[in-house]
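Subject: Structure handover

Hello,

Here is the structure you asked to take over. My notes on it follow below.

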Amino acid sequence: MIQSDEINTTNDFKERAVIKGTMGSFVLVNVFAVSLGIIILFLIYRLDSHYGSGFLIVGSIILAVWMAADAIIWRVRGVHELEVAAGGIRVVRGIRKNESFHPFSEISAVDFRNKSSRRILNIMLEKKPVRVPGVITLFQGRRIYLTSDAYDDQEFDMLAGVLEQYCSRKNIEFKKDG
C-alpha cells in the first residue's frame with residue numbers, strides 16, 4: 001500500500017510515499033516464472049529429439065529450486081518497505097525488519113528501468129553507475145535494489161515518480177529507461 005501526502009506551502013515541496021511488499025505477490029510472480037519456464041522446457045523437449053525426459057525433469061527441478069531460493073532470499077534480506085520523505089529514504093529489510101535511513105546527501109544516483117512487465121529501481125549510495133550507451137550499465141558500490149515483483153506496479157510507479165521529484169530538487173541524477 002502506498003501513502004502519499006502532498007503539502008505545498010510557499011515554494012517548499014513536501015511529499016511522502018511508502019511502499020510495502022508482500023510475500024504473496026512475490027511468490028505469485030515466481031510461480032508464474034516457473035510455469036512459463038516449464039512450458040518452454042516442454043516445448044524444447046517435444047520439438048527437439050536430442051533432449052530426453054531427463055532434460056525436462058532436471059530443468060524443471062532447477063527452475064523450481066532457483067525460484068524457491070529467490071523467495072527465501074527476499075524474505076530474509078529483501079526490501080520489504082521503502083519510504084521516501086523530505087529527509088531521505090527509509091528502508092526496512094528482511095524478516096527481522098532491519099531499518100536503515102539514507103539522507104538524500106548520501107544518494108549519488110537513481111536508475112529506474114521498465115522492462116516489459118518488470119520495473120527495477122536502483123538507488124546508488126556511493127558511486128554513480130557506469131554506462132556504455134546501448135550496451136551495458138554497471139552498478140558499483142552500495143545500493144538499494146528494488147524490483148516490482150513484491151509490489152503493485154502502479155504503486156511502484158508512483159513511488160518512482162515521487163523519488164524522481166525529490167531527485168530533481170536535490171540535484172541527484174535520475175535516469176529513466178523504458
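Two strands are counted as paired if DSSP finds at least two bridges between them. With that in mind, in S11 the bridge partner of Phe 112 is Lys 176. Please keep in mind that this is a predicted model.

Overall layout

The chain has three helices and 11 strands, and along the sequence they follow the pattern β-β-α-α-β-β-β-β-β-β-β-β-α-β. The C-alpha trace spans about 70 × 35 × 25 Å along its principal axes. Of the 178 residues, 38% count as buried. Among contacts with a separation of 6 or more, 50% are between residues 24 or more positions apart.

The four-stranded sheet

An open sheet is formed by four strands in the order S10-S7-S6-S11, with mixed pairing. Its edge strands are S10 and S11 (173-177), each of which pairs on one side only. From one strand to the next the twist averages 10°.

Going across the sheet, S10 and S7 pair in the antiparallel sense over five bridges, and Leu 121 stands opposite Leu 146 in S10. S7 and S6 also run antiparallel, joined by seven bridges; here Asp 111 stands opposite Asn 122 in S7. S6 and S7 form a hairpin with two residues between them, and Ser 116 in the turn has a positive phi of about 50°. The pairing of S6 with S11 is parallel, over five bridges. Helix H3 lies across S6, S7, S10 and S11, and runs at about 30° to S7.

Strand S6 and Lys 115

Is S6 largely enclosed or open? Five of its seven residues are buried, so S6 is largely enclosed by the rest of the structure. Lys 115 is found in this strand. With a relative accessible area of 48%, Lys 115 is partly exposed, because that class covers values between 20% and 50%. Lys 115 and Arg 131 are 16 residues apart in sequence, and their C-alpha atoms are 17 Å apart in space.

In soluble globular proteins, nonpolar side chains tend to be buried together. In this model the largest nonpolar core has 30 residues, and those touching the most other members are Leu 82, Val 84, Ile 89, Leu 121, Ile 123 and Leu 163. The elements that give two or more residues to this core include S2 (12-20), H2 (53-77), S3 (79-85), S4 (88-93) and S6 (109-115), as well as S7 (118-124), S10 (143-147) and H3 (153-170). H3 supplies the largest share, seven residues.

Leu 82 shows how separate parts of the sequence meet here: leaving aside neighbours within four places in sequence, Leu 82 is in contact with Ala 17, Val 18, Ile 19, Ile 89, Arg 90, Val 91, Ile 123, Ile 144, Leu 146 and Leu 159.

The largest pocket

The largest pocket has a volume of about 350 Å³. Its lining consists of 15 residues, of which Ile 73, Trp 74, Gly 78, Val 79 and Tyr 145 lie nearest the centre of the pocket. H2 and S10 each supply at least two lining residues, and H2 gives the most, with four.

Regards

Definitions and conventions. Residues are numbered from 1 along each chain as its sequence is written. This is a predicted model: local features need pLDDT of at least 70, side-chain atom pairs count only at pLDDT 80 or more; totals for chains, interfaces and linings use all residues. Side-chain values use heavy atoms; hydrogens and water are left out. A nonpolar core is a set of buried Ala, Val, Leu, Ile, Met, Phe, Trp, Tyr and Cys residues joined through side-chain atoms within 4.5 Å. Buried means under 20% relative accessible area, exposed over 50%, partly exposed in between (1.4 Å probe, protein chains only). Contact means heavy atoms within 4.5 Å. Axes are lines fitted to C-alpha atoms, for helices over the stretch in contact, and angles run from 0 to 180 degrees between N-to-C directions. On a 1 Å grid over the protein atoms alone, a cavity is a set of points where a 1.4 Å probe fits but cannot get out, and a pocket is an open set with protein on both sides within 12 Å along at least five of seven lines; lining residues have an atom within 4 Å of a point. Grid points are joined across faces, edges and corners, and a volume is the space filled by probe spheres set on the points.
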